[in-house]
Amino acid sequence: MELHIACIPGDGIGPEIVREAKKVLDKVASKYGHTIVYQDILMGGASIDVHGVPLTDEAIAAAKAADAVLMGSIGGDTNTSPWYQLPPDKRPEAGLLKIRKELNLFANLRPAYLYEELAAACPLKEEISKAGFDMLIMRELTGGLYFGERNTVTQNGVRKAYDTLTYNENEIRRIAIKGFEVARKRKHKVTSVDKANVLDSSRLWRAVVNEVAKDYPDVELEHMLVDNCAMQLVKDPAQFDVILTENMFGDILSDEASMVTGSIGMLSSASLNDTRFGLYEPSHGSAPDIAGKDIANPIATVLSAAMMLRYSFDLDREADDIENAVRRVLKDGFRTADIMSDGCVKVGCQQMGDLLTERVSAEGV
Ligand code: NAD
């Protein structure tokens, strides 16, 4: 198979972690007989420095021409970087918002997985963490409260502000379909999270999710109110497989879910549109405080590359290989500084990439 991947190394640790992910991808490609054609794209601060804008039209066209985008992270130190003296629409993050919009990336997937070897970093009680967990938050990304009409007005001398939360059934249906499709690649369970006891938008959400579920009889569906879900995530996270939810609830719940894993350098993410196209990136930022020191953890980016193989190319076996390599490296006791613990061997970013590459086993098809 020929895979056309647009690469956005970005800023800070971005170029370091993307380089390691490419190394692992190249090993998988040679093992299974695929060809990868990369095209590097500038975005964020790196693009501002060269083009004066965080994302050019040419860069968008190159991303659209690819099958998928693999990204590091963009942005700099928000207190000291000159990029943050620019108006908001010219800053690094504007590039990310623009590419999400241009590529119509409405579904955001964030897995939260607790590795046995990293269980000590989990802030939950041991009796909960020892059960482990492996869930994925599927968040609607382009509708709801963050995109509704809003304003601040003064009426009779009193300031008043409002935000509106709107969804139409098509927006709900397309993300629900993504949720059920992804559940089919996992443990066949969807927990749809809403506030249907109060909000009309949630009642429509629930009705449409029920309609979509009829096409997926092999996937178990449950509905859960968002306040209960926030509680269940810390009480019994092992119960979840795919959590399907709207934009604001997903924003909050995905941060909660990632916190309970205890290791930000391990968390991958994907943003998909209604084709097979997706943008894959770690959940963390560009970590300017550790950029250029070869101490960043590349695993979140490597796991994002595995998600890309699974969701944009349907290469499940290849994705499994990468995920198993991560498990093996951790089991063998190698750790980057952010996940270091007693008795383990501390390695840098490049060495972690090499260890992962070695463990994408040589024997194959
Ligand atoms: P951050 O995630 O970059 O860093 C938070 C902390 O986690 C830092 O101490 C950092 O050193 C550490 N960390 C993050 N990733 C790590 C890794 N792979 N290995 C080891 N340690 C790691 O968050 P921040 O400091 O709030 O933001 C820095 C910049 O990143 C800002 O400009 C912000 O806007 C940007 N940002 C970009 C994205 C994105 O590109 N999608 C997401 C979040 C933040």
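In which sense do strand β1 and β3 pair, and over how many bridges? Select residues 2-10 for β1: this strand and β3 pair in the parallel sense over 5 bridges (strands are DSSP E runs of at least two residues, helices H or I runs of at least four, numbered from the N terminus; two strands pair if DSSP finds at least two bridges between them).

The model is predicted: local features need pLDDT of at least 70 and side-chain atom pairs pLDDT 80 or more, while totals for chains, interfaces and linings use all residues. Residues are numbered from 1 along each chain as its sequence is written, and side-chain values use heavy atoms, with hydrogens and water left out.

Next, show the whole sheet. It is open, has 10 strands in the order β2-β1-β3-β12-β11-β4-β5-β10-β8-β9, and its pairing is mixed. At the edges are β2 (35-40) and β9 (220-225); each has a single partner strand, so one side of each lacks a neighbour in the sheet.

Now select the ligand and the 21 residues around it, of which G76, E93, G285, A287 and N297 come nearest (a residue is near if one of its heavy atoms lies within 4 Å). Then look at polar contacts (pairs of N or O atoms within 3.5 Å). A polar side-chain atom of E93 lies 2.5 Å from a ligand oxygen atom. For D289, the distance from a side-chain N or O atom to an oxygen atom of the ligand is 2.9 Å. For S73, a polar side-chain atom lies 3.1 Å from a ligand oxygen.

How values were computed
A polar contact is a pair of N or O atoms within 3.5 Å; within protein, one must be able to donate a hydrogen and the other to accept it, and residues adjacent in sequence count only if both atoms are side-chain atoms.
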